Amino acid sequence: PMPYFTVKQGLNGLETGLRTGLPGFSVFIVNPAVYFGMIAGDIGVTARYARNWSSEWAPTPVPSTFDADQAYNIYRMYRYLMSPYCSTDPLVWSKYVRPKVMPPPEEDDGTIELGYGLA
């Protein structure tokens, strides 16, 4: 699901991550077809662990059953439906990325300039 990458690809990913200025990043390659197949199952503790570990960056299908042992899968499904993660304030984005791509607006000191000065 996550094939090996060359040293050149790894160093390129490392340099790109360091240039972002973010406090945390990771470098890996994912084969989506294999990975989504790997996390599709949810029968057994190991399968649910792998699925929940990946759920922050890879979408998972709905739970296969609505039994008590699927409680966290059910919660995560409803959490995303009722209050998607994109509706919360992204902390890393707000602290490190937003100031660089969207500078804060200039503060208004309340002065109104009419355009015809005395000079």
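This is a predicted model: local features need pLDDT of at least 70, side-chain atom pairs count only at pLDDT 80 or more; totals for chains, interfaces and linings use all residues.

**Reading the helices and the face of α3**

Author: Let us begin with one element. Helix α1, residues 7–20, contains 14 residues and spans 20 Å from first C-alpha to last, close to the 20 Å expected at 1.5 Å a residue. The expected span is 1.5 Å times one less than the number of residues in the helix. After α1 comes G21, whose phi is positive, near 80 degrees.

Reader: What is the average pLDDT of the chain, and where is confidence lowest and highest?

Author: pLDDT is the predictor's confidence in each residue, from 0 to 100. The chain averages 83, and 88% of the residues score at least 70. Confidence is lowest in helix α5 (residues 91–101), at a mean of 81, and highest in α1, at 92.

Reader: How many helices and strands are there in the chain?

Author: Helices (H or I, at least four residues) and strands (E, at least two) are DSSP runs, numbered from the N terminus. The chain has five helices and zero strands, in the order α-α-α-α-α from the N terminus on.

Reader: Which residues of α3 are buried?

Author: Buried means under 20% relative accessible area, exposed over 50%, and partly exposed in between, with a 1.4 Å probe and protein chains only. Of the 119 residues in the chain, 14% are buried. In α3 the buried residues are R48, R51 and S54. Seen down the axis of α3, these fall within an arc of 140 degrees, so they line one face of the helix; the arc is that of the directions from the helix axis to the C-beta atoms. V45, T46, Y49 and W53 are exposed on the other side of α3.

Reader: What do the buried residues of α3 pack against?

Author: Contact means heavy atoms within 4.5 Å. The buried residues of α3 pack against α2 (32–40) and α4. R48, with a relative accessible area of 15%, is in contact with D42, I43, D69, Q70 and N73, leaving aside neighbours within four places in sequence. S54 has a relative accessible area of 0% and touches Y35 and I39, not counting residues up to four places away in sequence. The C-alpha atoms of S54 and Y35 are 9.5 Å apart, although the two residues are 19 apart in sequence.

Reader: Where does S55 lie, and is S55 buried or exposed?

Author: S55 lies in the loop between α3 (45–54) and α4 (71–82). S55 is buried, with a relative accessible area of 14%. Not counting residues up to four places away in sequence, S55 touches T60 and R76. A polar atom of the S55 side chain lies 2.9 Å from the backbone oxygen of N52.

Technical notes:
Residues are numbered from 1 along each chain as its sequence is written. Side-chain values use heavy atoms; hydrogens and water are left out. A polar contact is a pair of N or O atoms within 3.5 Å; within protein, one must be able to donate a hydrogen and the other to accept it, and residues adjacent in sequence count only if both atoms are side-chain atoms.
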